Amino acid sequence: MIYHLSLQTAGIIAGVLLLVVGLLGVLKPALSSGLASRLPRSRNAGIVLLAIDLMWCFWLLWTMEMGEFSSFRKPLLFILPVGFFLVVTFVDEFLAVRALGILFLLGAEPLLDAAFFQSETSRLLVTVFAYLLIVAGLFWVMMPYLLRDQLTWSTKHPSRWRALHVIALLYGAAILACALTRY
């Protein structure tokens, strides 16, 4: 265990995150759809998200037990900032989408770690959310144009945008309710 999060804490974090995203999409659909539509090509958002990814990966490498691979720690700690600089310099296309995909992949691990070996069946709400993050992250890192296409499809009709956010809102409420009452 790297993160030492309880299932309740992981559920609260995931539930609140989904509630905030869902509420923003339901209450301010024009604002949220506008922000989402600009995200794939936003260089500034890409740099910020990639910097968050860099700090998270740096912290992981610094603190995790690597066993027989511990001799690779220092070279990897050197390579991470160099890789960050190279990606920011040479990757212009969909940097924000790729960085968001990496963030989703990093964020899924603490959720799965918290739900591991828990007996509550409702833990599957957190686990399913983590696997949705993994699938989305893998696709967005490898094929970043998919997020642009998904956002174009979902923002085409305001009712579709609201319906997707109502689903996120309800799922977040379910996770949060389970986190506060069952975990």
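This is a predicted model: local features need pLDDT of at least 70, side-chain atom pairs count only at pLDDT 80 or more; totals for chains, interfaces and linings use all residues.
I take buried as under 20% relative accessible area, exposed as over 50%, and partly exposed as in between, with a 1.4 Å probe and protein chains only. With that scale, Arg-148 is partly exposed at a relative accessible area of 31%.

**Ground rules**

I number residues from 1 along each chain as its sequence is written, and side-chain values use heavy atoms, with hydrogens and water left out.

**Salt bridges**

I define a salt bridge as a side-chain nitrogen of Lys or Arg within 4 Å of a carboxyl oxygen of Asp or Glu. Side chains of opposite charge can pair when their charged atoms come close. I searched the whole structure and got three salt bridges.

I looked at Arg-148 first. Its partner is Asp-149, with the closest N and O atoms 3.2 Å apart. Asp-149 is partly exposed, at 36% relative accessible area.

Next I took Glu-93 and Arg-41. Their side chains meet in a salt bridge at 2.7 Å, N to O. This pair links distant parts of the chain: Glu-93 sits in the loop between α4 and α5, Arg-41 in the loop between α2 and α3, 52 residues apart. I number helices from the N terminus as DSSP runs (H or I, at least four residues). Glu-93 is partly exposed, with a relative accessible area of 45%.

Then I checked Arg-43 and Asp-92. Their salt bridge is 3.3 Å, N to O. Arg-43 is in helix α3 and Asp-92 in the loop between α4 and α5, 49 residues apart, so this pair too links distant parts of the chain. Arg-43 is partly exposed at 34%. Asp-92 is exposed at 54%.

**Positive phi**

Most residues other than glycine have a negative phi. I noted Phe-94, which is not a glycine and has a positive phi of about 55°. Phe-94 lies in the loop between α4 and α5. It counts as buried, at 7% relative accessibility.

Phe-117 also has a positive phi, near 60°. Phe-117 lies in the loop between α5 and α6. Phe-117 is exposed, with a relative accessible area of 76%.

**Largest pocket**

For pockets I use a 1 Å grid over the protein atoms alone: a pocket is an open set of points where a 1.4 Å probe fits, with protein on both sides within 12 Å along at least five of seven lines, and lining residues have an atom within 4 Å of a point. A volume is the space filled by probe spheres set on the points, which are joined across faces, edges and corners.

The largest pocket has a volume of about 1,600 Å³. I count 38 lining residues, and Leu-18, Val-21, Phe-104, Leu-133 and Trp-140 lie nearest its centre. Helices α1, α2, α5, α6, α7 and α8 each supply at least two residues of this lining. α1 gives the most, with nine residues.

I sorted the lining by class, taking Ala, Val, Leu, Ile, Met, Phe, Trp, Tyr, Cys and Pro as nonpolar, Asp, Glu, Lys and Arg as charged, and the others, Gly among them, as polar. The lining of the largest pocket has 32 nonpolar, six polar and no charged residues.

**Second largest pocket**

About 160 Å³ of space lies in the second largest pocket. Its lining includes Leu-50, Asp-53, Cys-57, Phe-84 and Ile-102. Both α3 and α4 supply at least two lining residues each. By class I get seven nonpolar, one polar and one charged.

**Cores**

I define a nonpolar core as a set of buried Ala, Val, Leu, Ile, Met, Phe, Trp, Tyr and Cys residues joined through side-chain atoms within 4.5 Å. The largest has 17 residues, of which Leu-111, Val-126, Phe-129, Ile-175 and Tyr-183 touch the most other members. α1, α5, α6 and α8 each supply at least two residues of this core.

Leaving aside neighbours within four places in sequence, Tyr-183 is in contact with residues including Leu-7, Glu-120, Arg-123, Val-126 and Cys-178. Apart from this core lies another, of 15 residues, among them Leu-95, Val-97, Leu-100 and Ala-136.

Technical notes:
Contact means heavy atoms within 4.5 Å.
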